[in-house]
Amino acid sequence: MSRIRILPVGGAGEIGASCFHVDFDGTGIVLDAGMHPRKKGIESLPNFDLMQDLPLDAVLISHAHEDHIGSLPYLIQRFPYLRIVTTPQTRAIAELTLHNSVSILQEELAREEGYLSSTASLIDAGKERHPLKPYTHDEIDLLIQSIEYRAYEEQFTVSGYENRNNADVNASFWDAGHVLGSAGILLEHGRHTLFYTGDVRMRNQTLAHGAQIPRRHIDTLMLECTQGATEPSSFLEWEDEAQRFAQRANEIIEQGGSILIPVFALGKMQEMLATIWQLMEQGTLAKTDIYTGGIARKICTVYDRNRYVAPRMDKEFEFADVEQLDFFEIEQTQEFFRRPSIILATSGMMVEGTMSFRFAQQWLSEKRSAIFTVGYMDPDTPGYRIANAQQGNEISLTEFSERQKVRCAIEHFHFTAHSMRDGLISIVRRTTPDRVVLIHGDPEAIDWMGFALLKNFPETKVHAAEIGKAIEL
Ligand SMILES: [Zn+2]
Ligand SMILES: [Zn+2]
């Protein structure tokens with residue numbers, strides 16, 4: 001009898017530091033090593049202590065968003081013998097982004113004295129805590145060089161160090177249609193198959209092609225639920241939303257205003273830039289100056305390099321052909337308002353200290369201009385405060401900032417890189433799993449999905465993942 005056990009280590013009942021341990025008869029595979037996007041320092045990491053005494057052979061990363069890869073350096077610091085495998089695109093993006101996330105975390109850890117200079121253990125309220133050591137950029141480079149990469153649907157084997165009863169696991173990545181390089185992960189051990197969706201979108205975006213899901217029976221499906229609580233009827237489809245976006249943008253441009261769009265550096269930035277460019281080329285959207293900058297721009301070059309390699313909607317499209325100005329070359333923000341322009345800036349939720357936050361402070365006082373939000377805003381972020389304000393309101397962007405009058409227009413658009421409810425259910429329908437483990441969603445989203453699955457698939461066992469609570473298969 002084979003023994004398979006899933007242990008959620010992070011990001012189970014929320015969108016946080018995604019990390020799951022799966023034990024296949026003594027071969028240990030870690031799925032994702034994320035960092036919580038809003039928590040700070042040690043609180044932002046998965047609870048690696050939970051894996052201390054478990055078999056650990058490989059970590060497979062689904063994609064390069066921070067909530068899936070951000071804690072990888074610390075996972076490897078703790079368990080240096082782990083083999084790391086991703087898609088080639090995820091590795092290329094990690095090369096650009098990991099340095100950055102590690103530097104931010106190091107500053108936070110130093111502030112809360114989360115580091116220990118020696119290897120001595122920290123006794124914290126009677127509990128032994130493992131010390132974290134600072135990383136150098138050279139060490140991050142070495143870490144990235146040690147990442148193995150596998151193309152979509154190319155099978156590879158993970159052999160256990162404590163290899164008992166022929167406990168090899170066959171693994172493969174499947175295009176998840178979420179961002180460049182994103183993958184669902186298929187694991188096969190003996191007669192058992194497990195599929196981890198990662199973040200997944202079944203329908204096309206402007207660039208990303210809808211996901212490829214294995215066409216076969218899956219015994220255990222680990223299903224993300226980001227959009228589980230979203231009423232689909234309140235949103236338009238991608239193309240229709242793009243038309244609505246163009247219409248509203250034209251109105252702002254005609255009145256001489258400029259549009260600020262907060263985006264994530266990976267995925268949302270490239271999809272929005274490609275959408276805007278396509279609308280301009282079609283003549284639907286007025287040709288206007290476009291400003292971009294920073295790491296998001298570098299990630300565009302990874303998209304360009306991979307345009308014939310990874311699946312996508314339009315292989316001929318290149319970001320190199322999109323005329324862009326660099327906002328880092330602008331000395332005074334007033335320049336953005338001399339003539340109409342569109343600015344795509346990170347972070348997506350306008351977190352304090354980021355470029356989109358700094359720009360937003362200026363934008364709020366510009367009557368003819370607008371802030372267009374294009375994705376989800378966490379309630380604890382300045383982005384949420386802005387998204388929920390209207391022209392004429394007074395808001396403060398953070399708890400400590402001064403109140404400011406909202407003079408610009410605020411508009412919301414729904415461009416999601418995740419599957420809506422029907423897409424998530426279609427994955428279950430296709431793979432006919434015996435068991436579904438719900439992950440990566442807030443409690444409301446997980447609840448809705450749980451009820452929907454129990455109703456539509458009464459034969460299927462449904463689990464809501466909880467950190468530290470093992471699921472025996
Ligand atoms: Zn993601
Ligand atoms: Zn995610």
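How many residues of domain 1 are in contact with residues of domain 2? In this predicted model, 22 residues of domain 1 touch 21 residues of domain 2. The legends below start with the whole chain and then zoom in on that contact.

**View 1. The whole protein chain, end to end.** Along its principal axes, the C-alpha trace spans about 70 × 50 × 40 Å. Eleven helices and 24 strands make up its secondary structure.

**View 2. Inside the protein chain.** Of the 473 residues, 46% are buried. As for who touches whom, take the contacts between residues at least 6 apart in sequence: 73% of them join residues at least 24 apart.

**View 3. Two domains, one of them in two pieces.** Domain 1 is assigned residues 4-230 plus 417-472, while domain 2 covers 236-412. Going by C-alpha atoms, the centres of the two domains sit 30 Å apart.

**View 4. Where domain 1 meets domain 2.** Which element gives the largest share of the domain 1 side? That's helix α3 (residues 88-111), which puts in six residues. Sorted by class, the domain 1 side of the contact holds nine nonpolar, ten polar and three charged residues.

Conventions. Residues are numbered from 1 along each chain as its sequence is written. Chains are lettered from A and ligands numbered from 1 in the order in which they are written. This is a predicted model: local features need pLDDT of at least 70, side-chain atom pairs count only at pLDDT 80 or more; totals for chains, interfaces and linings use all residues. Helices (H or I, at least four residues) and strands (E, at least two) are DSSP runs, numbered from the N terminus. A residue is buried if 20 or more other C-beta atoms lie within 10 Å of its own, exposed if 12 or fewer, and partly exposed in between; C-beta atoms are placed from the backbone. Two residues are in contact if their C-beta atoms, placed from the backbone, lie within 7 Å. Domain bounds come from an automatic or database domain assignment. Ala, Val, Leu, Ile, Met, Phe, Trp, Tyr, Cys and Pro count as nonpolar, Asp, Glu, Lys and Arg as charged, and the others, Gly among them, as polar.
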